[in-house]
Amino acid sequence: MDQPIAAEGIERAITSFVSERVKAEVPVGQDLFDSGLVSSMFAMELVVHLEQEFSVQILGDDLKRDNFRSIGAMTALVGRLLGAGQSADA
């Protein structure tokens, strides 16, 4: 699969994963921590899931809580990491 994944596809995949895990529909902008939907253990699951699902590495400053606060934030993080992994010649 050489074509980049569209933001909508990333968002859909993350929404599906989160909604399935919490057994509820989760709006894209909902704060997952403030709403109590995400524990520290589930936050680590999210990191592992995003790395495996999208073949990215989430390291250093990217591990900050704000990047996992909402589905929208995770979508932006993955999109940025996928974009950063692309060479200018691709």
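Colleague: Which residues of α2 are buried?

Modeller: This is a predicted model, where local features need pLDDT of at least 70, side-chain atom pairs count only at pLDDT 80 or more, and totals for chains, interfaces and linings use all residues. Residues are numbered from 1 along each chain as its sequence is written, and side-chain values use heavy atoms, with hydrogens and water left out. Buried means under 20% relative accessible area, exposed over 50%, and partly exposed in between (1.4 Å probe, protein chains only). In α2 the buried residues are F42, A43, L46, V47, H49, L50 and F54.

Colleague: How many helices and strands does the chain have?

Modeller: Helices (H or I, at least four residues) and strands (E, at least two) are DSSP runs, numbered from the N terminus. The order from the N terminus is α-α-α. The count is three helices and zero strands.

Colleague: How far apart are the end C-alpha atoms of α2?

Modeller: The expected span of a helix is 1.5 Å times one less than its number of residues. For the 15 residues of α2 that should give 21 Å. The model agrees, with the end C-alpha atoms apart by 21 Å.

Colleague: Which residue follows α2, and what is its phi?

Modeller: The residue after α2 is S55. Its phi is positive, near 50 degrees.

Colleague: And what follows α1?

Modeller: The 16 residues of α1 should span 22 Å, and its end C-alpha atoms are 22 Å apart, which agrees. After α1 comes a residue whose phi is positive, near 60 degrees: K23.

Colleague: What does L50 touch?

Modeller: Contact means heavy atoms within 4.5 Å. L50 is one of the buried residues of α2. Not counting residues up to four places away in sequence, L50 touches I14, S55, V56, I58, F68, M74 and V78.

Colleague: How many aromatic pairs are there, and which residues form them?

Modeller: Rings of Phe, Tyr and Trp (its six-membered ring) pair if their centres lie within 6.5 Å; planes under 30 degrees apart count as stacked, over 60 as edge-to-face and the rest as tilted. By this rule there is one aromatic pair. It is stacked, at 6.2 Å centre to centre with 25 degrees between the planes, and its members are F17 and F42.

Colleague: Why does that pair tie together separate parts of the sequence?

Modeller: F17 is buried at 19% relative accessibility, and F42 is buried at 4%. F17 lies in helix α1 and F42 in helix α2, so the pair links parts whose separation in sequence is 25 residues.

Colleague: Is I10 buried or exposed?

Modeller: I10 lies in helix α1. Leaving aside neighbours within four places in sequence, I10 is in contact with I5, F54, T75, V78, G79 and L82. Its relative accessible area is 1%, so I10 counts as buried.

Colleague: Now the loops. Is V26 buried or exposed?

Modeller: V26 is in the loop between α1 and α2. Leaving aside neighbours within four places in sequence, V26 is in contact with T15, V18, S19, L32, L37 and I71. At a relative accessible area of 5%, V26 is buried.

Colleague: Is G29 buried or exposed?

Modeller: G29 is in the loop between α1 (7–22) and α2 (40–54). G29 and G72 are 43 residues apart in sequence and 5.8 Å apart in space, C-alpha to C-alpha. With a relative accessible area of 68%, G29 is exposed.

Colleague: What does D62 contact?

Modeller: D62 is in the loop between α2 and α3. D62 is buried, with a relative accessible area of 16%. Leaving aside neighbours within four places in sequence, its contacts are N67, F68, L77, R80 and L81.
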